[in-house]
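Reader: I'd like to go through the labels used for this model and hear what stands behind each one. Please set every value against its cut-off as we go.

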Amino acid sequence: MKNKEIKTNAMRILEREKIPYTQYTYECGEFVDALQIADMLSLPYEKVYKTLVTIGNSRNYYVFVIPIAEELDLKKAAKSVNEKSVSMIPVKEINAVTGYIRGGCTAVGMKKQYVTRIDKSAEELETVIVSGGRLGSQIALKPGDLCRAAGGVFADITVER
């Protein structure tokens, strides 16, 4: 029975869609950034992705999933969703918009299905690791499966280095 209570909405959706995933758990009482989580779990930065939520000029919300060490290019992000501009939503709005809390936000299973873009770098990986839908949980899955479960599209959305 104990196993049941740690299932998040994202995990239930993946299971319903028969999408295999591996869960990583870690002790976490409050938000820590994704780089620290990767370090705690000894995960390579290039495989761990963070989920960012933005609002467009049109007042629509958009979700972007990018490598944790990268920065979202707001111009490229806006172009990828046919908006004049997008900006990050305030942290205090994350739960109301997504149903998740900061640090536990994932593109799978938000309150609504928002237009989602996943950085094209993910396509080259065997697996990507994203939040499992709550603090203390990360999940690894195939990029194509993440894309399908999140209703996403791969796009060039990060700042050029």
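Reader: Why is Tyr114 called buried?

Author: Its relative accessible area is 11%. Buried means under 20%, exposed means over 50% and partly exposed covers what lies in between (1.4 Å probe, protein chains only), so Tyr114 falls in the buried class. Before we go on, this is a predicted model, in which local features need pLDDT of at least 70, side-chain atom pairs count only at pLDDT 80 or more, and totals for chains, interfaces and linings use all residues. Residues are numbered from 1 along each chain as its sequence is written, while side-chain values use heavy atoms, leaving out hydrogens and water.

Reader: And what makes Tyr61 partly exposed?

Author: Tyr61 has a relative accessibility of 23%, so the label is partly exposed.

Reader: How do you know that the rings of Tyr61 and Tyr114 form an edge-to-face pair?

Author: Rings of Phe, Tyr and Trp (its six-membered ring) pair if their centres lie within 6.5 Å; planes under 30 degrees apart count as stacked, over 60 as edge-to-face and the rest as tilted. A search of the whole structure finds 1 aromatic pair. Its rings, in Tyr61 and Tyr114, have centres 5.7 Å apart and planes at 70 degrees, so the pair is edge-to-face.

Reader: Which parts of the chain does the pair tie together?

Author: Tyr61 belongs to strand β3 (61-67), whereas Tyr114 sits in the loop between α4 (94-98) and β5 (115-119), so the pair links parts that are 53 residues apart in sequence. The element names come from DSSP runs: helices are H or I with at least four residues, strands are E with at least two, and both are numbered from the N terminus.

Reader: What makes β4 and β8 edge strands?

Author: Two strands pair if DSSP finds at least two bridges between them. In the open sheet of 5 strands, the order is β4-β2-β3-β5-β8 and the pairing is mixed. β4 (86-88) and β8 (152-155) each have a single partner strand, so one side of each is left without a neighbour in the sheet.

Reader: How do you know that β5 and β8 pair?

Author: DSSP gives 4 bridges between β5 and β8, in the parallel sense. One of the residues involved is Asp119, whose bridge partner in β8 is Ala155. The helix α5 packs on this sheet, touching β3, β5 and β8, and its direction makes about 130 degrees with that of β8. Axes are lines fitted to C-alpha atoms, for helices over the stretch in contact, and angles run from 0 to 180 degrees between N-to-C directions.

Reader: Why does the count of disulfides come to 0?

Author: A disulfide is a pair of cysteine sulfur atoms within 2.5 Å. The sulfur of Cys147 is 17 Å from the closest cysteine sulfur, in Cys105, too far for a bond, and the count is therefore 0 under that definition. Cys105 is buried at 8%, as is Cys147 at 9%.

Reader: One more group: why are Glu71, Arg59 and Asn82 called exposed?

Author: Their relative accessibilities are 52% for Glu71, 59% for Arg59 and 74% for Asn82. Glu71 lies in the loop between β3 and α3 (74-80), with Ile157 among its contacts. Arg59 is in the loop between β2 and β3, with phi near 75 degrees, a positive value in a residue other than glycine. Asn82, in the loop between α3 and β4, has a positive phi of about 60 degrees and is not a glycine either.

Conventions
Contact means heavy atoms within 4.5 Å. Lists of a residue's contacts leave out its neighbours within four places in sequence.
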